[in-house]
Amino acid sequence: MRVLVVTNMYPTPERPALGPFVRDQVEALRRRPGLDVELFAFGPGPKALLRAAGRLRRRFRGQRFDIVHAHFGLTAWPALLARLGPVAVTLHGNDLLVRRSYAATRAALPFCALTAGVSREFSGNLPGAGTKRRVAVLPVGIDLQRFRPIPRAQARARLGLDPGGRYLLFPHDPARALKRYDRALEVAGDVPLLTLGGVAPDEVPYWINAANAVLVPSEKEAFGLSVIEALACGVPALGTPVGIHPVVLEGVEGAYCAPFDRDEWRAALRPHLESEDPRVDGRARAALFSADAMAARVVEAWRDLLEVRTSGRGLAL
């Protein structure tokens, strides 16, 4: 199967934190036998988006792909306009949750052969999902080699943190309003609250392992990779019941998933702040959402799509 991935979410030396989860999925797909995966990544912004279709046509002139898979709703447009093969698109969050992207994303979907969301809950943002519109659920997954338990003392020494201190981690840029940094501050109180704004992706596992716990009190989540990354590192995670959080955190001793309430969250957090080295046994749960496992789901969806197209049965969108 010959596949082209089109995205404006891909790390570069200038923007290392731009879509590392897409990179992880592309690399996982390239590890699978029987796939020839090409990548076309371009920068964010309207000018880059407008130029992308022409660049695609020139780069792959005369070629044809079994699947062209776009990551992020707006990138479906250059993928469609280049006419290189049937287009599948994975929607990641801001493409449906942010007004400036929503209308343009929705306008592209009737022309796509397959639409996917990164979680079942997030897919509900599409009118007609599950009734008039078929929407696949295709999470991106995490790299289990990068997100792993690291001795807390080692992580703190690397980051210049007090080896005997108490730290909490808000695993996002505080400027992202839907992630609710204000709630994390309420819970942390006088405990230092670390954040990941501007942190290079390869350094993120050290920040997770340096923390007593990870706080993810989001108002909305398309998926929720941060709690999975925390569990893969063996670090306690607290999250609101949005996105994938209930599925990932349920039944993991030391993890917590509940609507936001400052006092209840503080009570759940207290044992982790009192422990010298709080850890949870969450790696097996995180492995269910590894990049390799999720890549297998993507390939299965592609094969189903091609089978439908070959049989001529059509596909309800």
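Predicted model: local features only at pLDDT ≥ 70, side-chain atom pairs only at ≥ 80, totals over all residues.
Q: What joins strand 1 (residues 2–7) to strand 2, and what makes them a pair?
A: Six bridges join strand 1 to strand 2, and the two run parallel. Two strands pair if DSSP finds at least two bridges between them, so six bridges meet the criterion. Residues are numbered from 1 along each chain as its sequence is written, and side-chain values use heavy atoms, with hydrogens and water left out.

Q: Why are strand 2 and strand 6 said to stand at the edges of the sheet?
A: The open sheet has six strands in the order 2-1-3-4-5-6, with parallel pairing. Strand 2 (36–41) and strand 6 (135–137) each have a single partner strand, so one side of each lacks a neighbour in the sheet. Strands here are DSSP runs of E with at least two residues, and helices are runs of H or I with at least four, both numbered from the N terminus. From one strand to the next, the twist averages 25°.

Q: How do you know that helix 1 packs on the sheet?
A: Helix 1 (residues 20–30) touches strand 1, strand 2 and strand 3 (67–71), contact being heavy atoms within 4.5 Å. Its direction makes about 160° with that of strand 2; angles run from 0 to 180 degrees between N-to-C directions, with axes fitted to C-alpha atoms, for helices over the stretch in contact. Helix 2 (residues 46–59) lies across strand 1 and strand 2, at about 140° to strand 2.

Q: Which residues touch the most other members of the largest nonpolar core?
A: They are Leu4, Ile208 and Ile228, in a core of 66 residues. A nonpolar core is a set of buried Ala, Val, Leu, Ile, Met, Phe, Trp, Tyr and Cys residues joined through side-chain atoms within 4.5 Å, where buried means under 20% relative accessible area (1.4 Å probe, protein chains only). Helix 10 (residues 225–232) gives this core its largest share, six residues. Beyond neighbours within four places in sequence, the contacts of Ile208 include Phe147, Leu169 and Val235. A second, separate core of 27 residues includes Met9 and Ala295.

Q: How does the radius of gyration of the protein chain agree with that of a compact globule?
A: For 317 residues the globule value is near 20 Å, and the chain has 20 Å, so the two agree. The radius is taken over C-alpha atoms, and the rule is 2.2 Å times the number of residues to the power 0.38. Buried residues make up 53% of the chain.

Notes. Buried < 20%, exposed > 50% of the residue type's maximum accessible area, 1.4 Å probe, protein only.
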